[in-house]
Amino acid sequence: MRKKLITIQTKEDYQTFLKKLNLYKSVFYRNTLFLLENHTQEKELEEIIEALNIKQRKKRITYIYDTSCHKIDRITSGKNICGFEKNQCYVQRKLKNGKYNGCCRGCLYQSKKGCTTKNLTCKLFNCSEVTKRYQIPTYQDLKILKLLSLKNQILIKDDYFATREQVLKDLYSYSLIYATMKITFRLIKNTILLKRPKKRSSSHFEE
């Protein structure tokens with residue numbers, strides 16, 4: 001396996017490197033081991049290099065997905081970013097609409113202790129009430145997502161209310177149409193199940 005040294009010393013170097021990611025993730029560099037030296041960037045760069053050195057498609061996708069989730073989790077850990085009080089978020093209390101559990105009210109995987117899975121799409125969605133109070137990473141902030149295929153970059157923006165395992169299976173598939181059909185069917189199924197009579201579940205936070 002051939003080796004390629006990556007040297008990043010300035011912001012300009014880093015931007016140039018990011019522009020080359022489409023090339024580096026291609027078949028032309030399948031047998032290339034990327035080595036990082038003399039860099040002055042954040043841990044993010046090391047994670048991108050790690051992902052480039054994972055040559056198996058499914059393992060690379062999984063690493064990118066989990067790394068992105070962990071980055072957001074590290075920032076939001078211990079913070080009630082949605083402002084839950086008595087099971088209502090900032091918006092629901094402001095509107096006095098009688099709804100509960102914030103955006104997660106439409107999800108099967110809500111629980112008294114919060115989300116029971118790790119859905120990157122959901123983690124990347126934050127309403128204006130949250131973003132004006134906290135600086136949460138957006139899709140554009142997670143540069144490692146550039147290593148996903150175009151099809152997967154599209155999917156990761158819309159695969160709401162699914163388990164980590166379901167989302168990964170969508171990303172593993174090669175067909176955008178097939179994955180989109182699965183997502184649509186799953187959302188319809190979840191909506192039907194949620195409309196069944198049941199006791200109101202507790203929210204993420206019970207402050």
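Q: Which residues form one aromatic cluster?
A: In this predicted model, F17, Y24, Y29 and F34 form one aromatic cluster.

Q: What makes Y24 and Y29 an edge-to-face pair?
A: The structure holds 6 aromatic pairs. For Y24 and Y29, the ring centres are 5.2 Å apart and the planes stand at 75 degrees. Pairing needs centres within 6.5 Å, and edge-to-face needs planes over 60 degrees apart. Both values pass, so the pair is edge-to-face.

Q: Are Y24 and Y29 buried or exposed?
A: Both Y24 and Y29 are buried. That puts each under 20% relative accessible area.

Q: How many disulfides does the structure hold?
A: The count is 0.

Q: Why is C69 called buried?
A: C69 has 0% relative accessibility. The limit is under 20%, so C69 counts as buried.

Q: Why is C122 called partly exposed?
A: Its relative accessible area is 26%. Buried means under 20% and exposed over 50%. C122 falls in between, so it is partly exposed.

Q: What sits over the ring of Y90?
A: The charged end of R133 does, 3.8 Å from the ring centre. The distance limit is 6 Å.

Q: What sits over the ring of Y139?
A: The charged end of K157 sits there, 4.5 Å from the ring centre.

Conventions. Residues are numbered from 1 along each chain as its sequence is written. This is a predicted model: local features need pLDDT of at least 70, side-chain atom pairs count only at pLDDT 80 or more; totals for chains, interfaces and linings use all residues. Side-chain values use heavy atoms; hydrogens and water are left out. A disulfide is a pair of cysteine sulfur atoms within 2.5 Å. Buried means under 20% relative accessible area, exposed over 50%, partly exposed in between (1.4 Å probe, protein chains only). Rings of Phe, Tyr and Trp (its six-membered ring) pair if their centres lie within 6.5 Å; planes under 30 degrees apart count as stacked, over 60 as edge-to-face and the rest as tilted. A charge sits over a ring if NZ of Lys or CZ of Arg is within 6 Å of the ring centre and within 35 degrees of the ring normal.
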